[in-house]
Amino acid sequence: MNKLEADSKYLKKSVVVNIIGTILKVCGPMLTILLARIFGPAEFGVFVSTQTLLLTISRSATLGLDKGLYWYLPQNKLQGRPAYEGIMGSFWISIAVALLCTLVIFVGSFTPLISKELPWYALSLVFYAACYVLSNTSESNRKPQNAIFINSFLVAVLAPASSIAMHFMGIPHALPLGLLVGQLGGFAVHFTLVRRQFPEMPLNPIFRVSKELLIYSLPLGFNEFVSSFLIRSGLWMVMMFLGPEMAGAYGIMVTVSNALQTIRVGFTPILTPVIAGMERERLKTDLKPVYSYCVSMVTYIQLIIGFFIILFPGEILSIAGKDFIVQPETLGILLLVHLLAGFWGMAIVIMNGIGKSLYTLKMNIFSLAVALISGYFLVPSLGLVGAALSMLLYNVIAMIWNNAYLAKMGLWPYSSKLISQIVWMLILIGFYVVLNVGMLSLTLPQKIGSYVIVLAALGIQFLLQKKRLEQDKNSVKR
């Protein structure tokens, strides 16, 4: 079996795992929507905003070392280093920085600068940071099923379920304590599984990593900090300009639309180690079939979820309650953003895979500037729609820039066979417009029937395209 065949076999297995993970991912958002119904728009809005801040801090605490493992662990084999090199150093450094951030928050809570509720959320910081490193270790070692099961199901279900249980038991601070329970459970399972993968790895505290890993990771760490602000800038500006209730409504729509984003994000740890393990010569020959296969799978799964969301938006949003159905057209814009990013936005994965971590940092800093400037003008005037349009604007700019840069390097990764995906995306967008401008009104049985027809058509298209992509791979091998 040559290297391309080995990579293709791994990707096919990972796609199956991702599909199973996608099914499991439904449970977490549904419970999150239920949280909104139980705790109300205002409290849920504060929860969503604070949780995103927590995610930003914990991601930054890793200094990018967790993301660096995607590239560094596959390189261990090529460079003849121990398979576990870099793991525990990244682990202990991330924990130390997270502890320092936690201490700062607790000290700050005795001043008017930090709310009294934030320290309760900060209890989860260390476990968030540790889980990032351990999760990425499994993914870098080509075991994405570990991270998918733990992050997308176990933690995603355990955290909101714990908050709901504590609420009905009358325990105060139920929302932040639920997060803590979820992260503790995820950490325990992650640590056990990583230990099984590397039984010879020493566990003693090591607060150093190789210069090579550090140079690659630090731009990713700054990039993670910038991209975290970038991704959540819309929600925070809604919170600042429109208040917590509108932030809660926007948070629900972001949660629903993120069902598409998680598909693309789920392929990042699958594809990055594969690209990182390619020699320069293989990038010219093997990148296009491997990358096109991943884009094809991402788009198909997104289309399946996307059609469901646009056909049944009222049924989905009604779980949270009528107070959260505000400017529903916002949901359509968010879906469009994630559809485009699922096809064109994965170019950034190639950049990180070939070691261009500094480039991605510069790109995200520019995108953040676009997001803040556009959001400053659009959110106060257009509300939730303005936040979604700001997100669409900076994503489109980044996608054009990244793909133009790849073309300049002679690494155009898109097969012509992907044109059918673009056609399907246009169909979904057109279908959404028709349903939401009053041109077509469907009853529930008609919606169900339409969805079945779409699934059948996508299934036929998938089988045809799979055959064509296999022919492309065979031609490359010959």
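Buried means under 20% relative accessible area, exposed means over 50%, and partly exposed lies in between (1.4 Å probe, protein chains only). This is a predicted model: local features need pLDDT of at least 70, side-chain atom pairs count only at pLDDT 80 or more, and totals for chains, interfaces and linings use all residues. Residues are numbered from 1 along each chain as its sequence is written, and side-chain values use heavy atoms, with hydrogens and water left out.

**Stop 1: helix H3**

Select residues 41-61, helix H3. Helices are DSSP runs of H or I, at least four residues, and strands are runs of E, at least two, numbered from the N terminus. The expected span is 1.5 Å times one less than the number of residues. For the 21 residues of H3 that gives 30 Å, and the end C-alpha atoms are 30 Å apart, so the two agree. Of these 21 residues, 15 are buried. Step just past H3 to Leu 63, which has a positive phi of about 60 degrees.

**Stop 2: the cores**

A nonpolar core is a set of buried Ala, Val, Leu, Ile, Met, Phe, Trp, Tyr and Cys residues joined through side-chain atoms within 4.5 Å. The largest one has 107 residues; select Phe 267, Tyr 291 and Phe 307, which touch the most other members. Helix H12 (residues 280-311) supplies the largest share of this core, 17 residues. Another core, of 16 residues, lies apart from it and includes Ala 61, Leu 69, Met 88 and Ala 98.

**Stop 3: aromatic rings**

Rings of Phe, Tyr and Trp (its six-membered ring) pair if their centres lie within 6.5 Å; planes under 30 degrees apart are stacked, over 60 edge-to-face, and the rest tilted. The count is 25 aromatic pairs. Select Phe 149 and Phe 153: this pair is tilted, 5.7 Å centre to centre with 35 degrees between the planes. They sit four residues apart in helix H8 (residues 144-168), so about one helical turn separates them. Phe 149 is partly exposed at 40% relative accessibility. Phe 153 is partly exposed at 25%.

Go on to Phe 308 and Phe 312. Their ring centres are 5.0 Å apart and their planes at 45 degrees, so this pair is tilted. Which of the two is buried? Phe 312 is, at 8% relative accessibility, whereas Phe 308 is partly exposed at 35%.

For a cluster, select Phe 91, Trp 92, Phe 127, Phe 187 and Phe 191.

**Stop 4: cysteines**

A disulfide is a pair of cysteine sulfur atoms within 2.5 Å. The whole structure has zero.
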